[in-house]
Amino acid sequence: MNKLLLLFTLALSPISVSSKQLSNEYKKDSVQADSKYKNKQILTTGMVKEISLTYTLLLEDNVTARLSNEAIRDALRVQVNKPISLECLCAGLVFNEPLL
């Protein structure tokens with residue numbers, strides 16, 4: 001008798017964290033914050049403080065988000081001093097700032 005084996009993966013929900021909380025956790029204990037966030041999908045919300053010419057966003061509390069090529073066209077709608085929600089991969093602490 002032949003058996004059919006179905007393989008599937010469960011899509012994990014991103015970890016929700018504000019940019020302020022993310023920054024505070026990295027300031028408090030970067031090793032623990034890395035184990036919680038680094039190389040994981042996160043959903044972060046924060047206030048946009050700066051938009052660079054290379055489409056890098058600086059959020060409140062010095063959280064930096066580099067936009068992918070696919071997200072650049074959406075960046076045209078981003079405004080300074082307005083809130084934004086981003087789903088992204090956390091790269092960890094780079095130059096003492098969380099990098100997304």
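Guide: In this predicted model, buried means under 20% relative accessible area, exposed means over 50%, and partly exposed lies in between.

Visitor: Why is Asn62 called partly exposed?

Guide: Asn62 has a relative accessible area of 42%. The class runs between 20% and 50%, so Asn62 is partly exposed. Asn62 sits in the loop between β3 (56-59) and β4. Its phi is near 60°, a positive value in a residue other than glycine.

Visitor: What makes Asn39 exposed?

Guide: The relative accessible area of Asn39 is 57%. Exposed requires over 50%, therefore Asn39 counts as exposed. The loop that holds Asn39 runs between α2 and β2 (41-51). Phi of Asn39 is near 60°, positive in a residue that is not glycine.

Visitor: And at the other end of the scale, why does Ser19 count as buried?

Guide: Ser19 has 0% relative accessibility. The limit for buried is under 20%, so Ser19 is buried. Ser19 belongs to helix α1.

Visitor: Which residues is Ser19 in contact with, leaving aside its neighbours within four places in sequence?

Guide: Beyond those neighbours, Ser19 touches Thr44, Thr45, Gly46, Leu59, Glu60, Asp61 and Val63. Over the whole chain of 100 residues, 28% count as buried.

Visitor: Why is the pair of Lys36 and Glu25 called a salt bridge?

Guide: The closest N and O atoms of Lys36 and Glu25 are 3.3 Å apart. The definition asks for a side-chain nitrogen of Lys or Arg within 4 Å of a carboxyl oxygen of Asp or Glu, so the pair qualifies as a salt bridge. Lys36 is in helix α2 (residues 30-37) and Glu25 in helix α1 (residues 19-28), 11 residues apart. In general, side chains of opposite charge can pair when their charged atoms come close. A search of the whole structure finds one salt bridge.

Visitor: Is Lys36 buried, partly exposed or exposed?

Guide: Lys36 has a relative accessible area of 38%. That value falls between 20% and 50%, so Lys36 is partly exposed.

Visitor: Which residues are the closest to the centre of the largest pocket?

Guide: The largest pocket holds about 280 Å³ of space. It is lined by 16 residues, and the closest to its centre are Arg66, Leu67, Ser68, Glu87 and Cys88. Strands β4 (63-66) and β5 (83-89) each supply at least two residues of the lining. β5 gives the most, with five.

Visitor: How do the residues of that lining divide into nonpolar, polar and charged?

Guide: The lining of the largest pocket has 12 nonpolar residues, one polar and three charged. Cys counts as nonpolar, while Arg and Glu count as charged.

Visitor: How many helices and strands does the chain have?

Guide: The chain has two helices and seven strands. Along the sequence they follow the pattern β-α-α-β-β-β-β-β-β. Of the contacts with a separation of 6 or more, 65% come from residues 24 or more positions apart.

Visitor: Where does pLDDT stay under 50?

Guide: pLDDT stays under 50 over residues 1-10. For these residues the model has zero contacts beyond four places in sequence. The mean pLDDT of the chain is 79, and 81% of its residues reach 70 or more.

Notes
Residues numbered from 1 in each chain as written. Predicted model: local features only at pLDDT ≥ 70, side-chain atom pairs only at ≥ 80, totals over all residues. Heavy atoms only, no water. pLDDT = per-residue confidence, 0-100. Contact = heavy atoms within 4.5 Å. Helix = DSSP H or I, 4+ residues; strand = E, 2+ residues; numbered from the N terminus. Buried < 20%, exposed > 50% of the residue type's maximum accessible area, 1.4 Å probe, protein only. 1 Å grid on protein atoms, 1.4 Å probe; cavity = no way out; pocket = protein on both sides within 12 Å on 5 of 7 lines; lining within 4 Å. Points joined across faces, edges and corners; volume = space filled by probe spheres on them.
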